[in-house]
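Please keep the sequence and the coordinates in view while reading.

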Amino acid sequence: MDAMIILQMILAGIGGAVLYTLIGIAPGTDETAVLAPVTIALALSGVSPYVILAFFISAIVAKKLTDSIPVAVAGIPGGVMAAPMVEHAMVLKKHGLPDVSIKKMASGSVIGTLVSIPASFLIANAILPYADVISKHAGLIFFLGAVFLALMTNNKILSLLIIVPFAILIQGLRHLYWGLEIVPPETTVFVSFFLGITIGPIVVTLFDLLNKDAREKIPFLGKKEISVKKSDKVKGIPNPFNILTKKESATSALGSLIGSVTFFLSPVGMTVFLGEFLTRHIKDPVKRASRAISTMDGLTNASYISGTLIPLIAIGLPLSPMAIGPAAGLFNAPPVFTPEHNIHHILSMSEIMLATIIGAVIALLITFYITIKFASEICAFVFKYIPHEALIGLFAGLVVMLAFMDAGWINIFGTFLIAFVSGILFRNGVNYGVMFMILYAAPWMLGWF
């Protein structure tokens, strides 16, 4: 590895940290929707795998550091994973402590990063001897993963019943493209279908707006006033271990370690379960809320990093909710990355470690400092000048472009069909994880017929 590649990784880390610091603060930005398209676009544009990995790690660390800011100041989660912290953050806000909430969550996130990176490499090393066996049965594992995640959803029956029909839809479109000779038989359309699933809820909402009756039922709220309290300035370089108490640091580290070990489970589910389990004995509401948000934020960051690194290092297949969602572009972005040829196969473990450390360190240095020093000011700027709709439109446009690159004009309509069906299913209690697992398992499942 030469100095030029290292310089590119550093620049990519800076770019990822700056970009996703702003995106993380924007309210309601789904991690999969804002990370997966950009990662896939970088892969398809021919960017070096070293640079892509450094960018992604920096982006996810920055995103997880900052998506708690709108939670603290306005009670609006900056991402799906920040939603479980709203209740505890509102307790602190009620007591006039939104600045404390931001600092506690950001510090917990730092601990989650510091714990999860070494833990991920140790766990990946333990799994490595079984990688070939796991790879040979990938189709079966994805199918069982779909069944397992379906049993974890709110609508278990629909989630189970939809597995085969949704697989038929995916493979049916692929065979249509092959039959019309839009793509050669050896080419499997994947990227656009994956992104179609991620924008499903957005597409369904847009179609609702085209329906006059449905549109008239939507309440008009007008302008919403959000008050942002200016936080006290922190002098010098902020230290997360000084911001957190010893007990908060300990539970954050413990939660991060458990989140790393349970990388294959739902991050949201583990965050809610462990956050409540480790803090329910605390009587004082402020102390309990402080402990809960620092623990939860550490766990979410750890589960995202470990959910990316462990499958990437040990197996090369996206066998976790994180790997199959936001990090999917590291595993499968055909024709550049495929399940048989991706970052797992291209980079050695030491190279993956170097890119990870560069991305994480840069994000921590930039984003943690900015978060602690200027959280209120940045949040006010984003709420005032960066519309949520603009970000959604940007990523939706990127999906349309990638759909066209995958299989031409007809695939734009095919992708919107996938998106519409996915959005309806999501609205009725079928989560992303089930649909992503079906996407991967579809060829194996229908091969039985």
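Ser58 lies in helix H3, where helices (H or I, at least four residues) are DSSP runs numbered from the N terminus. At 0% relative accessibility, Ser58 counts as buried, a class defined by under 20% relative accessible area, with exposed meaning over 50% and partly exposed the range in between (1.4 Å probe, protein chains only). Leaving aside residues up to four places away in sequence, Ser58 touches Gly13, Gly16, Ala17, Gly359 and Ala363, a contact being heavy atoms within 4.5 Å.

This is a predicted model, in which local features need pLDDT of at least 70 and side-chain atom pairs count only at pLDDT 80 or more, while totals for chains, interfaces and linings use all residues. Residues are numbered from 1 along each chain as its sequence is written, and side-chain values use heavy atoms, with hydrogens and water left out. The chain averages a pLDDT of 83, and 90% of the residues score at least 70, pLDDT being the predictor's confidence in each residue, from 0 to 100. Confidence is lowest in helix H4 (residues 69–74), at a mean of 71, and highest in helix H10 (residues 163–179), at 92.

Of the 30 residues of H6, 23 are buried, whereas in H3 18 of the 18 residues are buried, so H3 is largely enclosed by the rest of the structure.

The largest nonpolar core holds 106 residues, of which Tyr20, Leu53, Val61, Phe142, Phe194 and Leu330 touch the most other members. Its largest share, 13 residues, comes from H3. Such a core is a set of buried Ala, Val, Leu, Ile, Met, Phe, Trp, Tyr and Cys residues joined through side-chain atoms within 4.5 Å. Beyond four places in sequence, the contacts of Leu330 include Ile52, Leu53, Phe56 and Phe337. Apart from this core lies another, of 13 residues, among them Ile25, Ile69, Ala89 and Met296.

Leu354, placed in helix H21 (residues 349–385), is partly exposed, with a relative accessible area of 33%. Leu354 and Ile6 are 348 residues apart in sequence and 9.2 Å apart in space, C-alpha to C-alpha.

Technical notes
Helix = DSSP H or I, 4+ residues; strand = E, 2+ residues; numbered from the N terminus.
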